[in-house]
Amino acid sequence: KKIEVMEKENVKVLLAEIANNQGVISIGQKDVDRFKASVDEMDGEKVSGRIDEIGVILNNVLSLIRKRNAGKRIQGLLFVIRLPQVNSFMEHINEVHDVIDKLGDELECQWGLSTKEILQGGQCECLVAVGFRSVVRC
């Protein structure tokens, strides 16, 4: 099965959803605009799972996006983690930092944290956008 990059319009919808989140750590439209201006191409995913597996979820979605965009260099990462309650997340925050650290120091990363009432206890939702720079080959 061929892995396809998320359509441009779908990435725009995902970025709008990221910008419209209000939360403990919010990402606004200015953040999204700065992200879009700093990259050549974008891809993204919206995934959900258990809060206690947030590191695995984030790592897996980034691996999938990287695989779909083989040969491109990741320039930026923008994501929001939605939870039923923010206090249910703090014990897992190091897992998020571990995943981000593996991507390297040159990556510009910004992330937010918000609540979404319809999520059940123990569940989370991640909205992830990744920006790429075109790699010029001689």
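This report covers the fold, salt bridges, helix packing and selected residues of a predicted model.

## Overall fold

The chain contains four helices and five strands. Along the sequence these elements follow the pattern α-β-α-β-α-β-α-β-β. The chain has 138 residues, and 43% of them count as buried.

Among contacts with a separation of 6 or more, 83% are between residues 24 or more positions apart.

## Salt bridges across the chain

The structure holds 10 salt bridges. Side chains of opposite charge can pair when their charged atoms come close.

R82 bridges to E17, with 2.9 Å between the closest N and O atoms. This pair ties together distant parts of the chain: R82 sits in strand β3 (residues 73–83), E17 in helix α1 (residues 8–19), and 65 residues separate them. R82 is buried, because its relative accessible area of 7% falls under the 20% limit. E17 is partly exposed, at 22% relative accessibility.

K72 pairs with E41, and here the closest N and O atoms are 2.7 Å apart. This bridge also links distant parts of the chain. K72 lies in the loop between α3 (54–68) and β3, while E41 belongs to strand β2 (residues 41–50), 31 residues apart from K72. K72 has a relative accessibility of 29% and counts as partly exposed. E41 is partly exposed as well, at 34%.

Where do D31 and R34 lie? Both are in helix α2 (residues 29–37), three residues apart, which is about one turn of the helix.

D31 is buried, at 14% relative accessibility. R34 is partly exposed, with a relative accessible area of 45%.

E125 lies in strand β5 (residues 123–133). E125 counts as buried because its relative accessibility of 10% is under 20%.

One, to the side chain of R82, is 2.5 Å. Another, to the side chain of K116, is 3.2 Å. Leaving aside residues up to four places away in sequence, E125 touches K46, V47, S48, V80, I81, R82, K116 and L119.

## Packing of α3 and α4

The axes of α3 and helix α4 (residues 93–102) come within 8 Å and cross at roughly 25°. The two helices are therefore roughly parallel, because the angle is under 35 degrees. Their crossing is right-handed.

Which residues make the contact? From α3 come I54, G55, L58, N59 and L62. From α4 come E95, V96 and V99.

## S114 in strand β4

S114 lies in strand β4 (residues 108–115). Is S114 buried or exposed? S114 is buried, with a relative accessible area of 1%.

Its contacts, not counting residues up to four places away in sequence, are N21, Q22, G23, V80, I81, R82 and L83. V80, I81 and R82 are among the residues that S114 touches, and E125 touches them too.

## M42 in strand β2

M42 is found in strand β2, the strand that also holds E41. At 25% relative accessibility, M42 counts as partly exposed. M42 and N69 are 27 residues apart in sequence, and their C-alpha atoms are 9.4 Å apart in space.

Technical notes
Residues are numbered from 1 along each chain as its sequence is written. This is a predicted model: local features need pLDDT of at least 70, side-chain atom pairs count only at pLDDT 80 or more; totals for chains, interfaces and linings use all residues. Side-chain values use heavy atoms; hydrogens and water are left out. A salt bridge is a side-chain nitrogen of Lys or Arg within 4 Å of a carboxyl oxygen of Asp or Glu. Buried means under 20% relative accessible area, exposed over 50%, partly exposed in between (1.4 Å probe, protein chains only). A polar contact is a pair of N or O atoms within 3.5 Å; within protein, one must be able to donate a hydrogen and the other to accept it, and residues adjacent in sequence count only if both atoms are side-chain atoms. Contact means heavy atoms within 4.5 Å. Axes are lines fitted to C-alpha atoms, for helices over the stretch in contact, and angles run from 0 to 180 degrees between N-to-C directions. Angles under 35 degrees count as roughly parallel, over 145 as roughly antiparallel, 65 to 115 as roughly perpendicular and the rest as oblique. A crossing is left-handed if the near helix is turned anticlockwise from the far one by less than a right angle, and right-handed if clockwise.
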